[in-house]
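Student: I would like to learn how to read the features of a model like this one. Can we take them one at a time?

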Amino acid sequence: MRPFRFFHPIEVRYGDLDPQGHVNNAKYLTYLEQARIAYIDHLKLWDRSSFLTIGIILAEIKVTFLKPILFGQQVMVGVQVSRLGNKSFTMDYMIQEHQSETTFATGTSILVAYDYRTQETIPIPSRWREVLSEFEGLHITP
């Protein structure tokens with residue numbers, strides 16, 4: 001796996017914990033979502049007017065849990081695009097502690113370019129393809 005070029009800090013809230021005192025595994029998906037939106041926003045692929053203008057829809061997600069996250073730990077999520085297809089792309093994630101770089105979880109998701117008005121999949125916009133390829137330092141083709 002290539003090194004991540006983007007990290008988003010996550011505040012572990014008391015409400016994220018389960019009765020065992022660690023972050024509930026469902027919250028990991030929320031952390032990945034927060035980081036995914038921050039990545040898209042960082043690359044200016046979203047104008048912040050409406051979530052419907054982002055033009056992507058989550059098709060699949062996988063998380064591998066490695067270690068529990070505890071309250072008070074400084075957490076960050078690495079995000080990267082590893083594959084650009086014609087209508088879909090793959091994002092990889094790594095949740096880790098800021099100080100020690102201990103990895104709590106890894107994950108992948110497949111997102112599909114989507115037109116919410118017509119409710120149909122569409123080709124990934126060329127601007128998105130250019131920005132993602134340049135940022136990730138890859139020559140990514142459909």
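Student: Which strands does a hairpin of 3 residues join?
Tutor: Bear in mind that this model is predicted. The hairpin runs from E3 to E4, with 3 residues as the link. The two strands are antiparallel and share 9 bridges. Take two pairs as landmarks. Val77 has Ile95 in E4 as its bridge partner. Val81 stands opposite Met91 of E4.

Student: How many bridges join E1 to E3?
Tutor: There are 5, and these strands are antiparallel as well. Ile10 has Val75 of E3 as its bridge partner.

Student: How do I read the two faces of a strand?
Tutor: Start with the general idea. In a regular strand, side chains alternate between the two faces of the sheet. Now the case here. Ser88, Thr90, Asp92, Met94 and Gln96 point one way from E4. Phe89, Met91, Tyr93, Ile95 and Glu97 point the other way.

Student: Are those E4 residues buried or exposed?
Tutor: Both sets are buried. The count for E4 is 10 of 10 residues, so the strand is mostly covered, with buried meaning under 20% relative accessible area.

Student: Why is E3 described as largely enclosed by the rest of the structure?
Tutor: Because 8 of its 10 residues are buried. Setting aside neighbours within four places in sequence, its contacts include Phe6, Phe7, His8 and Ile10. Tyr31, Leu32 and Ala35 are also among them, as are Tyr93, Met94 and Ile95.

Student: How should I read a nonpolar core?
Tutor: The general idea is simple. In soluble globular proteins, nonpolar side chains tend to be buried together. Here, the largest nonpolar core has 35 residues. Tyr39, Ile69, Val77, Phe89, Ile95 and Trp128 have the most contacts inside it.

Student: Which elements each supply at least two residues of this core?
Tutor: Strands E1, E2, E3, E4 and E5 do, and so do H1 and H2. H1 gives the most, with 7 residues.

Student: How do I describe the packing of H1 and H2?
Tutor: Read the angle and the distance together. H1, residues 25–42, packs on H2, residues 126–136, at about 100 degrees. Their axes lie 11 Å apart. The two helices are therefore roughly perpendicular to each other.

Student: Which residues meet where H1 contacts H2?
Tutor: H1 brings Tyr39, Ile40 and His42. H2 brings Trp128, Leu132, Phe135 and Glu136. By class, the contact has 5 nonpolar, 1 polar and 1 charged residues.

Student: Where is Arg48, and what is its phi?
Tutor: Arg48 is in the loop between H1 and E2. Its phi is near 65 degrees, a positive value in a residue other than glycine. Arg48 is exposed, at 59% relative accessible area.

Student: Where does Gln119 sit, and is this residue buried or exposed?
Tutor: Find Gln119 in the loop between E5 and E6. This residue counts as exposed, with 59% relative accessibility. Its phi is positive too, near 55 degrees, and again the residue is not glycine.

Methods. Residues are numbered from 1 along each chain as its sequence is written. This is a predicted model: local features need pLDDT of at least 70, side-chain atom pairs count only at pLDDT 80 or more; totals for chains, interfaces and linings use all residues. Side-chain values use heavy atoms; hydrogens and water are left out. Axes are lines fitted to C-alpha atoms, for helices over the stretch in contact, and angles run from 0 to 180 degrees between N-to-C directions. Helices (H or I, at least four residues) and strands (E, at least two) are DSSP runs, numbered from the N terminus. Angles under 35 degrees count as roughly parallel, over 145 as roughly antiparallel, 65 to 115 as roughly perpendicular and the rest as oblique. Contact means heavy atoms within 4.5 Å. Ala, Val, Leu, Ile, Met, Phe, Trp, Tyr, Cys and Pro count as nonpolar, Asp, Glu, Lys and Arg as charged, and the others, Gly among them, as polar. A nonpolar core is a set of buried Ala, Val, Leu, Ile, Met, Phe, Trp, Tyr and Cys residues joined through side-chain atoms within 4.5 Å. Buried means under 20% relative accessible area, exposed over 50%, partly exposed in between (1.4 Å probe, protein chains only). Two strands pair if DSSP finds at least two bridges between them.
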